[in-house]
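Here are a few exercises to work through with the structure open beside you. Try each task before you read its solution.

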Amino acid sequence: MGTASRMAPALQRYGILIALAVLCIVLSVVSENFLTSRNIINVLRQTSINGILAVGMTFVILTRGIDLSVGSVVALVGVVSASFATTSAAGVAGAPYMPLIPVAVGLLTGMAVGSVSGIAVARFSVPAFVATLGMLSAARGLTLIYAGGRPIPALTDGYRWIGTGDIGGIPVPIILFGLVFAVAHFVLTRTRFGRHVYAVGGNPHAAKVSGLPVRRIRFAVYAISGALAGVAGMILAARTGSALPQAGVAYELDAIAAVVIGGTSLAGGIGRVSGTVIGALLIGVMNNGLDLLGVESYYQQVIKGALIVAAVMLDRSRKTED
Amino acid sequence: MGTASRMAPALQRYGILIALAVLCIVLSVVSENFLTSRNIINVLRQTSINGILAVGMTFVILTRGIDLSVGSVVALVGVVSASFATTSAAGVAGAPYMPLIPVAVGLLTGMAVGSVSGIAVARFSVPAFVATLGMLSAARGLTLIYAGGRPIPALTDGYRWIGTGDIGGIPVPIILFGLVFAVAHFVLTRTRFGRHVYAVGGNPHAAKVSGLPVRRIRFAVYAISGALAGVAGMILAARTGSALPQAGVAYELDAIAAVVIGGTSLAGGIGRVSGTVIGALLIGVMNNGLDLLGVESYYQQVIKGALIVAAVMLDRSRKTED
Amino acid sequence: QDAPLKIGMAAYGLNAEFMQLWSAAGAKHPAVQSGMVELTVFDGRYDALVQQDQFETMITQGFDAIVFAPMDVEAGATAVQLAVDAGIPVVGSNARVNSDQLTAYVGSNDVEAGYLEAKAVLDKMGCQGAVVIIEGPIGQSGEIQRGEGNEQALAECPDVQILERQTGNWSRAEAQALMENWLTSHGDAITGVIGQNDEMALGAIEAIKAAGMDVSDFAIAGVDGVTDALNAVKTGQMASILQDGEAQALGSIDVAIKAVRPDYEPMSGIWEQYPDMPWNDGASKEYNVPWTPVTLENVDALLAGRQ
Amino acid sequence: MAQPLLEASGFRKSFNGVAALRLGQFTLMPGSVHALCGGNGAGKSTFLKILMGIHHRDAGRLLRNGAEVTFDNPSQALDNGISIIEQELSPVPAMTVAENIYLGREPVGLFGRIAFREMNNRAQDLLDGFHFGIRADTLMMDLTVAQTQLVEIAKALSYDAEVIIMDEPTSALGEAEADQLFAAIAMLKARGKGVIYVSHRLSEIFGICDSYTVFRDGAFVETGALADIDKDRLIQLVVGRPLTEEFVKDNTPGDDTLLSVQGLAADRGVRDVSFSVRRGEILALYGLMGSGRTEIFDRLFGLSGQTAGQIMIDGAPVTITTPRHAIDAGLAYVTEDRKRSGLVLTGDVRDNLCLATLDRMGVGPVMNTRAEGRAAARMIEVLNIRTASDRLSVSHLSGGNQQKVVLGKWFLTEPRILLLDEPTRGVDVGAKREIYRVMSDFARAGGAVVMVSSETDEVLGMADRVVVMRDGRVAGELDRAAMSAEQLLHLAV
Ligand SMILES: Nc1ncnc2c1ncn2[C@@H]1O[C@H](COP(=O)(O)OP(=O)(O)OP(=O)(O)O)[C@@H](O)[C@H]1O
Ligand SMILES: Nc1ncnc2c1ncn2[C@@H]1O[C@H](COP(=O)(O)OP(=O)(O)OP(=O)(O)O)[C@@H](O)[C@H]1O
Ligand SMILES: [Mg+2]
Ligand SMILES: [Mg+2]
């Protein structure tokens, strides 16, 4: 265990990058459509939602936590923010770009939900798994209650721009994903808060004895994860054109998978958001590639499972054993 | 952290038992049907599948692992074993009780699937989350391929007895649950293997230095979890009357929840199956009670989420601080 | 001979039997078997966004037409719009989508099914007694529309009391637990069970058996005509309304080919099988595949078709 | 007389109803180094953790510069000019040395960006100032235990606090490094700071401290100036009864070689090491920090991959690639890092004691709990482990008692060859004597002991022969007659 597994991050990042590269090369050989700019944009756009969730999840996992509620928060924020962005609600003819009110409401909702989990974990020492599993259920229920179980359709063009617009040909979701990644990367590697996140996950006792506000940091990562789940939720609603109360089911699994495939340890304190992004891309490319090849759905599931494990195995085998 | 949370098991067991007791008392006051023997049997029967999964999960989590594949294994074992127990397959007029071949096939299938995850984790150091997430997907795919996406109907009476029969008035699933619990409890508290499981979870390196076969133990817990998922899968198929390839979706979450609510630490080395059983019962009673009271389904989800967190909070608040 | 047409079948999810039958039917279409059409099935994995992503993939690959069984009424519209914008015709099938861009919709009227199944239950109850309704996942078009049909039938029997309505998420196991709990809280007050699909009705039957009660004392119905339900109808345990997913799939492929090849004549046999649903030269906006109540008379034939 | 920096009285603390501290009392004057003495489990660490706000006291008064204070958490203590080197090392493994030192006090620049260069430079200056020879940008997880300890020392000193608490700061250090620390302490003293110093090495206490306070069984016993007390009396205060000679040694080496090692090479720079041990012999491996002693043990015990060399036991070559092989061959290994490789902290005392002998305490796969209980009870008695019961979690034991649990685990395997890596780390004088007795008895009964120690006294007192290591190679060998502190040091550097 010890030294070897601690050597992980550096090697791992490259290991999984190699897995991703191999997958891309294979796909571009077997499918002429894979390496088209249009398809690459597709993959990135499709990855953006899971990618953004996974970035938030990285913060949480770095502190030894987990956030199972992100899928439900995606749906909740979707319906809540969208309810301020329906053509009827907008009333005042909905500003064409960046509808501030719905977005602000969405971010706040996500952050609020995350904060509740954060309080349970940080203040009341409820294990993160339980706190966020409770939230998974509760937020879904709230979503259904708020939306009356029905989708919220007819969103304003301004709102839909978040999901379908582009800036200089690059779709907005991809830009948001890039932005979220860049900021998270900066925060985690360069700021005090970021380093403290690592410290709290790496050794909570040391963090406490060094005078860090351990509880506040624990709390904050859930709020961040909630807010980012909010961003993902708004992109999702804007992309699909209506906010669905049953959206985002099981998204937490893919988000956690991206984080772990990217080399972040569920034991906390070790990992990088760049790894997470590679993990998310690996999942995205796999989904896209298997669809491109027209692999039958049942076989897809088997192949996907095997590929994920193989990618990580390739990665881990590059390390010395125990 | 340290000291206080390590005191957890003892206090915790009682903490969560109190939460369960409170819930039962409240329910028996507000619903005259709750405390009938018939309903108690219902609750136990409904809990048996999750309970059996959770017992297997306890082994895995005690070694710091996790098994996300149990829901898919439930389905896979269901269809595979059931395919040997259809009235046509049985041919020889299907023995009325304990159909040995399908059960043996089911157990072996579950154990085999678990073993594959176990090898990935123990031999190739793939993080358990990734290995079993891959298996979640792959086993589901295999199930669908094996069954051709259709249910496997018309099971023999002998097979169905596993899910619907009773011995002296006690339904077979409950008896199996009790048996699984008793054996697991014995194994974990009284056998060498059980000691090994705790040691490997508590400090794998120290376990290795002390000469324990760490890999073999890690491997074994996944095989156990797979076999128990197989038992659960056969009960489910026998109970529902045909083996459905879409069965068991998301069962892993409830199983893990039962384990964690029951006081077992996801960090490994600490926990008890008796706690797990209480955790599973808490979930089962909650589901049953809310149905009995006729609470609307949206509100049920909110209440369930809140109750789980509250139960654990009650429990944790009884511990001394950090 | 032209290059084969590339048609995509976008199923909302393939893990359950009904969609499996629907998608498998596509491969049996004469145009597919003759090589005129190259068919690819996409599994939407029960996620509207995944379906939309798959539309993008089909657009990238230059598919000629898409047959679409949407996960969601509203969200599906965006996917349709994407395809139509790319010049690809989309034919709705099985489930509704709130879009006027569809070439046509080939499906069955879920309101009608909900009415028929509830009626079957109420008839058996003689318009007396009390029912429980096991609903689909709240908000899905199937749940909404079958629920509407349930209501219509129930309105005709004002004396019948609705004891409970709760979602069983199309799942047999969930419905079974639900019914077990209801049997506890209501005892033998329950005389009818309206399951919005067969799986859930079957779950209720198992719960009744487990409670040691007699299934024949209950009026139970479901929708879809899955294999287990056909068997249950045969033994008199429930009523079921067969939704002909195969016909929906075959019909939508015909319509889709027609949209690309204006001179195409339908090749599947369903137009003869259902004279109530005229081909109308592929010009109808809506093709309504009729429901077939499963009866003791037709059940053996239906079962034979499943082998 | 000057105002005391700290004045604690009537401190009480119990954990789950068991009193760890009944009467903690302590006064620290400026410009003094004050030894806090007491046996394992006397409550020293508990007391110090309360001072630091890590634990909360049940009762008692604390005056800081004459004003009553209570610290709810360590950051308040830090704000009040108190810093601590904890007994249990607590690094953040995936972060650099500099980040660990300045955790929570990182210099920041534009946009809240940490000024990494400045931080690294500062940390490097700090470390170089103490001649610790550690690069500020290495990751903590790449450091040895001793280096980790040095970083924690540097960190505690970097706060420039008025009161510095040092809970066994030298237990993992070699003598050279310890001397650096003592120089730093002298400087602190000269600057009027107060140091609370805990150590079980009496020579250190008499070397650097001015005054002493003794705790026994969680209660204050006596305080005074070290000038007024001698070693024997201090030992008596700590142990509660008079103890004479420190070392117990009545083994005599036999003639036949039990373990011999030829041309051993191991992962981290250990090359061509050969030595042998006879039956009844206690052999010491001496060397400076990082000279490769631990690495040799790891290799012997099958913990680092097979590289080169031959191991012979009783004249027959053996292949050891896993600890299981080693145990079966009759080896036992008390590792230097008890938290990482010695103890299962989630387990209780009995679990840990029986961990390496589970095979022998059952009928088939079923454990004989009574046999486990008996074995545990025996070790608790032999080693005098202070624990409320054998069902107490080892994480609740004091450091010294944890060390005894690790020893007990290996004694239970009834080995023929004992590998002991710093076996008396953190162990009090009374218990040390017990451990020496066990070692001596073990050798006398025909076993062989190989002991790594950084304490010259211990080597001189116990070893029949010493192999001195330098930079991963054998630098020389001395037998008992030729051993002296000067000789050892001469060969080691
Ligand atoms: N968290 C805890 N829970 C229960 N008991 C504890 C806890 N911490 C310490 N103790 C007990 O309190 C007593 C005092 O321990 P402490 O660590 O203060 O001793 P110490 O004087 O520092 O000993 P050492 O010299 O071995 O470090 C011991 O008997 C120990 O078992
Ligand atoms: N985990 C590690 N990572 C990197 N280098 C290490 C590690 N452990 C030991 N080393 C290096 O290996 C060499 C041998 O170390 P070893 O621990 O065997 O020495 P030692 O004589 O036991 O010293 P110590 O007194 O520190 O225990 C040293 O150069 C040391 O720095
Ligand atoms: Mg101590
Ligand atoms: Mg060493």
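**Exercise 1.** In this predicted model, work out how helix H3 (residues 37–62) of chain A and helix H12 (residues 214–240) of chain A run relative to one another.

*Solution.* Start with the geometry: the two helices pack at an angle of about 170°, and their axes are 7 Å apart. Angles over 145 degrees count as roughly antiparallel, so H3(A) is roughly antiparallel to H12(A).

Next, look at who touches whom. On the H3(A) side you'll find, among them, Ile49(A), Leu53(A) and Phe59(A), while H12(A) brings residues including Tyr222(A), Leu228(A) and Ile235(A). Sorting the residues of this contact gives 16 nonpolar, three polar and two charged.

**Exercise 2.** Find which residues coordinate the magnesium ion (ligand 3) and where they sit in the chain.

*Solution.* First, the donors: Ser45(D) uses OG and Gln87(D) uses OE1, at 1.9 to 2.1 Å. Then place them: Ser45(D) is in helix H1 (residues 44–51) of chain D, and Gln87(D) is in the loop between strand S6 (82–85) and helix H3 (97–101) of chain D. The pair is 42 residues apart, linking distant parts of the chain. Last, check accessibility: Ser45(D) and Gln87(D) are both buried.

Notes
Residues numbered from 1 in each chain as written. Chains lettered and ligands numbered in written order. Predicted model: local features only at pLDDT ≥ 70, side-chain atom pairs only at ≥ 80, totals over all residues. Heavy atoms only, no water. Donors = N, O, S within 2.8 Å, 3.2 Å for Na, K, Ca; no water. Helix = DSSP H or I, 4+ residues; strand = E, 2+ residues; numbered from the N terminus. Buried < 20%, exposed > 50% of the residue type's maximum accessible area, 1.4 Å probe, protein only. Axes fitted to C-alpha atoms, helices over the stretch in contact; angles between N-to-C directions. Parallel < 35°, antiparallel > 145°, perpendicular 65-115°, else oblique. Contact = heavy atoms within 4.5 Å. Nonpolar A, V, L, I, M, F, W, Y, C, P; charged D, E, K, R; others polar.
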